[in-house]
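The sequence and structure are shown first.

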Amino acid sequence: MFAMFATPAFAQTPGAENIPAAFEDGSPVQGGGAAQAGSGTQAVRIPCASTNERVHCAADTSRGVVLANSTGSAPCLLGKSWGYDDAGIWVSDGCAGEFIALQAAPGQPETTTQKAPGHVPNAGFLLYDGEKGQIYFRLFSYVRYLNQRNIDATYTDAFGVPHTVQQRQDIQLAKFFAPFSGWFLTPKMRYYLYVWSSNASQGDPAQVVGAGNLSYVFNRFLTVGGGISSLPTVRSTEGQFPYWLGVDGRMIADEFFRGSYTNGVWVKGDLFQKLKYNAMFATNLSILGVSASQIDNKMDTQSFALQWLPTTGEFGLYGTFGDYDYHEKVATRVAVHWSHSLEDKQSQPSTNGIENSQIRLTDGSIVFTPDLFGKGITVNNVDYKMTSLDGGVKYKGLSLEGEYYWRTLTNFTGVNTGSIPDISDTGYQLQSSAMAIKDVLQLYLSGSQIFGDYGDPSEVRTGANWYFMKERGLRLNGEYIHVNHSPVGYTAYPMPVGASGNIFHINLEMNF
């Protein structure tokens, strides 16, 4: 299941807030501009350190800055715990390090040089870096062996209707995702554009997607963007993908309650040093596979998020799940999301859409299905409200993270809908993990459950990630799932709607 790559600034537009640079020899550094030494320039090393407060170190930053060496106990993350402005470099939340700023060498004219291509782990390849702009390229793909042969062949929904469940066993190059990101004319003007295909959905609508967004970064307190992005309805749509415990598969509670990717505008940034906000105003819950002619003209979808990082001021690379970063100090996180949307039948994606987000009952039934609530009853519109609360803690490779969901469906309108009562569903997920071998082997155990008037589905997952190159970017994942009446599913998801039984899949993931 697709989600956008993340950035360290609580972003949904990956690459937009953290566009690193590389030295001329290609060795990775965290950078903030075209800071590659060339003829006519000299590198000036600037130490700058903080404890918990924000510290500003004067420097000439006109040619860009890179982090050469982190010397503190807390991680230095560009845009989150360090950055720079016209007057110098700033650090906060315990970030300490040695930074490099380029200046013209004595007697040399003011010229600018750039070095491309270069690679920065977890950021991609820098294809071009110059005075007028920057282009970064990333690639995500994985091969999946999926075995669903041990799930039940049929299920009966809450209304007594039997359904057949497809039992798959196949090997797929499951996904191809290629984003381009960077800036144009000014580093404040960012773009994030991508091509994405799901091979498991070949033959279905919107199997190939070209999309993205544009944003303008005023400062760390305010970024304004527009285009297609993820609604900040739950933690997994904040932008951590693909840095999940499993490969491209949310847990059923997350998948059931969340919003998806849609057209809209948003504002985000820092409210205070360790408190982030994100607000998006959109067309509907899920736009992928939906044409403009299907959408109403009301712009009646809103989603808001607040994220608090009380101890270290960060939660690992891009705020990912699990503690691959191996925190030496306890990292904590608390967040709340609230979303509302007036959804109509016409603007829904198909049941096999590659990033399907549909309003379902807890037995898997889609609320817009004709005659679902009784003969002659058809729902055309419904009012969706959803709140999620999440929290987590990480320390020395160990992590425990959970999220609670509450959703209400009200104001059903359509044909003979007066007898449909308001529907309230709740659920949770818990994820635990441990780095059994630092940088190499991660083990995890997770579970989720949903409670509703139409069924109480649940699941347990256990798995392992083998980082055989001792860094993120390549991993072999194996995951076992025991599921009880899944209310969600489609071809790009590890299970179909109604699945009960055992599922096993193995994934070889590449992400650079």
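## The hairpin of β24 and β25

In the hairpin formed by β24 and β25, 3 residues lie between the strands, and Asp439 takes a positive phi near 70 degrees. The model is a predicted one, in which local features need pLDDT of at least 70 and side-chain atom pairs count only at pLDDT 80 or more, while totals for chains, interfaces and linings use all residues. Residues are numbered from 1 along each chain as its sequence is written, and side-chain values use heavy atoms, with hydrogens and water left out.

β24 (423–437) and β25 (441–451) pair in the antiparallel sense over 11 bridges. Strands here are DSSP runs of E with at least two residues, helices are runs of H or I with at least four, and both are numbered from the N terminus; two strands pair if DSSP finds at least two bridges between them. Within this pair, Ser433 has Tyr444 of β25 as its bridge partner.

Strand β26 (residues 458–466) is in turn paired with β27, antiparallel, over 9 bridges; Trp466 stands opposite Leu476 in β27. On its other pairing, β27 meets strand β28 (residues 501–511) in the antiparallel sense over 10 bridges, and Gly478 has Ile506 of β28 as its bridge partner. Strand β27 (residues 474–484) has a covered face made of Arg475, Asn477, Glu479, Ile481 and Val483. Its uncovered face holds Leu474, Leu476, Gly478, Tyr480, His482 and Asn484.

## β11 and its partners

β28 pairs with β11 as well, in the antiparallel sense over 10 bridges, and the bridge partner of Phe140 in β28 is Asn511. Strand β11 (residues 140–151) is also joined by 8 bridges to strand β14 (residues 169–184), the two running antiparallel. In that pairing Asn147 stands opposite Gln169 of β14.

## The largest cavity

The structure holds 8 cavities of 30 Å³ or more. A cavity is a set of points, on a 1 Å grid over the protein atoms alone, where a 1.4 Å probe fits but cannot get out; lining residues have an atom within 4 Å of a point. Grid points are joined across faces, edges and corners, and a volume is the space filled by probe spheres set on the points.

The largest cavity has a volume of about 140 Å³. Of the 15 residues that line it, Trp244, Gly249, Arg250, Met251 and Gln431 lie nearest its centre. The elements giving two or more residues to this lining are β24 and β25. By class, the lining has 5 nonpolar, 6 polar and 4 charged residues (nonpolar: Ala, Val, Leu, Ile, Met, Phe, Trp, Tyr, Cys and Pro; charged: Asp, Glu, Lys and Arg; polar: the others, Gly among them).

## Ser236

Ser236 is found in the loop between β17 (222–230) and α1 (252–257). Ser236 is buried, with a relative accessible area of 2% (buried is under 20%, exposed over 50% and partly exposed in between, with a 1.4 Å probe and protein chains only).

The side chain of Ser236 makes a polar contact of 2.9 Å with the side chain of Arg250 (a pair of N or O atoms within 3.5 Å; within protein, one must be able to donate a hydrogen and the other to accept it, and residues adjacent in sequence count only if both atoms are side-chain atoms). Leaving aside its neighbours within four places in sequence, Ser236 is in contact (heavy atoms within 4.5 Å) with Trp244, Arg250, Asp254 and Phe321.

Technical notes:
1 Å grid on protein atoms, 1.4 Å probe; cavity = no way out; pocket = protein on both sides within 12 Å on 5 of 7 lines; lining within 4 Å.
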